[in-house]
Amino acid sequence: MTRYALRRLAQSVAVLLGVSVLVFAIMQLVPGDPIRAALGQQADPETYQALRDRAGLDDPVPVQFVTWIGNAAVGDFGVSFRSGETVLSLILERVPATLSLAVAAIIVALLIAIPLGTLSALNPRKPVDWFASLSSQAGLSVPDFWLGIMLILVFAGTLGWLPSAGYVPLTEDPVEWARHLILPAITAGVSSGAILTRFVRSSVLESLGQDHVRTARAKGMRARDVLTWHVLRNALVPLVTVGGVQLAYLLSGVVVVEYVFAWPGLGQLAFQAVESRDYPVLQGAVLLFAVIFLLVNLVVDLAYARLDPRITYRSAR
Amino acid sequence: MRAGETLRLLFRGPTAIVAAAVLLVLIVTAFLGEQLAPHDATGTDVSNRLQAPSADHWFGTDELGRDVLSRVILGAEVSLRVGAVAVGISLVAGVLIGLLAGYYGRWVDDVLMRLSDVLFAFPAMLMAIAVLAILGPGSTNAMIAIGIVYTPIFARITRASVLSVREEVYVKAARSAGAGDLRIIGRHVLPNVTAPIIVQTSISLAFAILSEAALSFVGLGTQPPDPSWGRMLAEGRGFVEQAWWMAVFPGLAIFVTVLAFNVLGDALRDVLDPRQRQAMAGTGVTA
């Protein structure tokens, strides 16, 4: 296990290095002068030169890379070409909004997946199973940005129950925070709910066929108790890891949902960075998302290896 | 499995038949768009703006008085073209990488698969946005961006299949008979790894169309005045309370197209590659 963990860790570090090279390359691959592109031709020469010096763009590319990666390793992603603020402070400002949306979305996903997946597994080839299968197929296919607009149309426009966009920090007003969170969370949670419904269904089906379930039934245990204590308890344990992967997907996958609901998260920061050609901010946001993604995958792989000792480095590749 | 047998198994249930019929209608619509559209899709008529659905304009008109139905019809061509070219790029690049990595193994495999791991580490949408930040917005660049995003999936799937086929007796026999690598890969390996690749192509088409719509929605994909479904949704979003039809119909078009590709992909997987379905159910991987 330790050997596997060390090799898996080394592999992640190597991938992270590759990821860093690509993220660094964003600034190099932009046609023309990236600072000129961001500031425009009329920019103040002093501001222009100060940003150029700060980004080290006059150094040879290998030197630029080593400096950039060394700084990034300690959280210094440079300064925004637009506002002059540090990229780290811009990112940290946005983390609470994205995190609350992703966590709320995974809760929505689980609230859909656990009952629907379980009911579908308990009633194979019956109407509820077909309904679950159809809903999960639809949930996977519906464009989240369209779903968001439709929810705004119904719940904010026609019924007027919920706000159509915006964000209120939890610390400012918890009730308004929750009201603003509901529509984006449903929008972002539906596709993960569809994926998790399929997972819960197959996991419960597998659990239903286990010997200990048969034994519990043969002992005369009530069907409800068998389901709670023998089937669901075992079937839902792996959901923790799959749910973890989904949370990582959501952290980075809510970018378009943030755009629809004017949600001031990391995704919106990335869009604004693209629009205003603020490349250091884009680099910081992309690198952060990739690191989160890598870390979650590493933790999930290690958790699997811990649960199942048959997994070895070779077979996991 | 022979092609006839595959088709018979594929279309034994009604869902795959409906999905295939929907896709056929879409493809015909994409080819005959100009002829089928009841009005000029790009011609503006401000006196006729924001008209609700009626006998003359079935899907209503937009903020410039353009017929929404005609724009949805012409949007089919854009969506299908961008989706098909993007998947074509990832199919060719991914299958080539997978074949080389799986067949040659050792350092070739290590290098190519670590590169694919690096691409895989980026969340799909963000990767596409980063590529478009470099290349600039537009439908051609969106095709390239989406193509890059989906390449590692094809590489991994092809490599996994090649690893098992590589050890088959017929491959060893061809090698001992003196066949060259190119001939073995082309004649013996590739034809035997197509099933999972076909399945992945159908599923990737669904996600490529979804990605194109998302990129156009945020202004990075197809540019005005071309009628892309994602772009139409973005325009409709600003008028959602006065003119619901501007957002509802393009969104429905995306939804139905993606659903049809997904349903067909699932049906293909059931017929061609049932083991993969079980494996996918355990990981929550969808694309």
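This note sets out numbered points on a predicted model with chains A and B.

1. Overall form of chain B. The secondary structure of chain B consists of twelve helices and zero strands. Read from the N terminus, the order of elements is α-α-α-α-α-α-α-α-α-α-α-α. Along the principal axes, the C-alpha atoms of chain B fill a box of roughly 75 × 45 × 35 Å.

2. Burial and contact range in chain B. Chain B has 287 residues, and buried residues account for 50% of them. Where contacts in chain B join residues at least 6 apart in sequence, 70% of these contacts link residues at least 24 apart.

3. Helix 6 of chain B. This element covers residues 139-165, a run of 27 residues. From the first C-alpha to the last, helix 6 of chain B reaches 38 Å, close to the 39 Å expected at 1.5 Å a residue. Of the 27 residues of helix 6 of chain B, 19 are buried, so the helix is largely enclosed by the rest of the structure.

4. Backbone geometry to inspect. Two residues of chain B deserve a look here. B:L50 is not a glycine, yet its phi is positive, at about 50°. B:L50 sits in the loop between helix 2 (14-36) and helix 3 (68-104) of chain B. B:R106 belongs to helix 4 of chain B, which spans residues 106-120. B:R106 is exposed, having 8 other C-beta atoms within 10 Å.

5. Interface between the chains. Contact between the chains involves 42 residues of chain A and 35 residues of chain B. Several helices of chain A each supply at least two residues to the side that touches chain B, among them helix 1 (2-29), helix 8 (174-208) and helix 14 (279-307). The largest share of that side, seven residues, comes from helix 1 of chain A. By class, the side of chain A that touches chain B holds 33 nonpolar, eight polar and one charged residues.

6. Domains of chain A. Chain A is divided into domain 1 (1-82 + 277-317) and domain 2 (93-275). The centres of domain 1 and domain 2 of chain A, taken over C-alpha atoms, are separated by 30 Å. Twelve residues from domain 1 of chain A and eleven residues from domain 2 of chain A take part in the contact. On the side of domain 1 of chain A that touches domain 2 of chain A, there are eleven nonpolar, no polar and one charged residues.

7. Nonpolar core. The largest nonpolar core has 175 residues, and A:A270 and B:A128 are those with the most contacts inside it. Helix 3 of chain B gives the most to this core, with 19 residues. Domain 1 (1-82 + 277-317) and domain 2 (93-275) of chain A both contribute residues to the core, so it lies between them. Leaving aside residues up to four places away in sequence, B:A128 touches B:A145, B:I146, B:V149, B:S211 and B:L215.

Terms used:
Residues are numbered from 1 along each chain as its sequence is written. Chains are lettered from A and ligands numbered from 1 in the order in which they are written. This is a predicted model: local features need pLDDT of at least 70, side-chain atom pairs count only at pLDDT 80 or more; totals for chains, interfaces and linings use all residues. Two residues are in contact if their C-beta atoms, placed from the backbone, lie within 7 Å. Helices (H or I, at least four residues) and strands (E, at least two) are DSSP runs, numbered from the N terminus. Ala, Val, Leu, Ile, Met, Phe, Trp, Tyr, Cys and Pro count as nonpolar, Asp, Glu, Lys and Arg as charged, and the others, Gly among them, as polar. A residue is buried if 20 or more other C-beta atoms lie within 10 Å of its own, exposed if 12 or fewer, and partly exposed in between; C-beta atoms are placed from the backbone. The expected span of a helix is 1.5 Å times one less than its number of residues. Domain bounds come from an automatic or database domain assignment. A nonpolar core is a set of buried Ala, Val, Leu, Ile, Met, Phe, Trp, Tyr and Cys residues joined through C-beta atoms within 7 Å.
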